[in-house]
Amino acid sequence: MIEVSIFILFCYFVLYFLSIKLKNNGIVDVFWGLGFVIIAWYTLLVDGTFDFGQILLTLIITIWGVWLATYVFSKIRKSKGEDFRYNNFRKLWKWFYTRSFFQVYLLQFCLMMLIASPIWVVNLYGGESIYYLIGGIIAIIGFAYEGIANYQLYTFKSQKTNSNIITTGLYKYSRFPQYFGELLFWFGLGVMGIATSFLSMLGFFILFLLLNFVSGVPLIEKKYQDNLEYQKYKKTTRTKIIPWFPK
């Protein structure tokens, strides 16, 4: 556990210095999914039990992590400049490079270690349990939901339209369906290890708080607070993350 944590921290140091050269902090988001893949495979190989739950969780994490890294990387390649969140930090923070190291890279490292709780529990301390199958199914459904939401958003942005607010597909039932899929994914992973330790749900609870109150919904909705089209959209699609029938 200590060895892989040190390696992940080293990766964040490398990314930090690379971001200075590229003048783009978005590269840290590419590593987000891959970091969990590294943790999953390391803990699987270290334990060496290779039971059903460990293999299932590691495969799910691997597919999700590689997909997420590929998706984020493609967004960065096609974007015109840095992500609006990091661009705002660059404008507002006085000591930008110092603060970005602690509040972006080091913070993301700490969050990764905590959110990876189901990986630590299942791959290092897990045993046989029906919760492996139940949680695995939930995680796969969440992954599919997140993938569909992101694909619909990607398709919408690729079309030439006067609107920049997507209101169709899964976005008709909640304003952030991709976050619902991500939360469902981590909830499923947490369920996989819940028979061993309730700490496996820690990652889900941290993500729930982050997406709802910190770095997810609040930042994006603040960006569109003066957008009349988005305000109209909020009146019909009233739920942020959990899907519900529109007004």
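Helices here are DSSP runs of H or I with at least four residues, numbered from the N terminus. You're looking at a predicted model, so local features need pLDDT of at least 70 and side-chain atom pairs count only at pLDDT 80 or more, while totals for chains, interfaces and linings use all residues. Residues are numbered from 1 along each chain as its sequence is written, and side-chain values use heavy atoms, leaving out hydrogens and water.

**Stop one: two loops.** Select Lys 23, in the loop between helix H1 (2-22) and helix H2 (27-47). Its phi is positive, about 55 degrees, although Lys 23 is not a glycine. Most residues other than glycine have a negative phi. Is Lys 23 buried or exposed? Lys 23 has 60% relative accessibility, so it counts as exposed (over 50%; buried is under 20%, and partly exposed is in between, with a 1.4 Å probe and protein chains only).

Now jump to Phe 50, in the loop between H2 and helix H3 (52-78). Phe 50 isn't a glycine either, yet has a positive phi of about 55 degrees. At 41% relative accessibility, Phe 50 is partly exposed.

**Stop two: rings.** There are 29 aromatic pairs in the structure (rings of Phe, Tyr and Trp, using the six-membered ring of Trp, with centres within 6.5 Å; planes under 30 degrees apart are stacked, over 60 edge-to-face, the rest tilted). Pick Phe 89 and Trp 93: they're stacked, 4.4 Å centre to centre with 5 degrees between the planes. Trp 93 is buried at 12%, while Phe 89 is partly exposed at 24%.

**Last stop.** Select Trp 32, Phe 36, Trp 64, Trp 67, Tyr 71, Phe 143, Phe 185 and Trp 186: ring pairs link them into a cluster.
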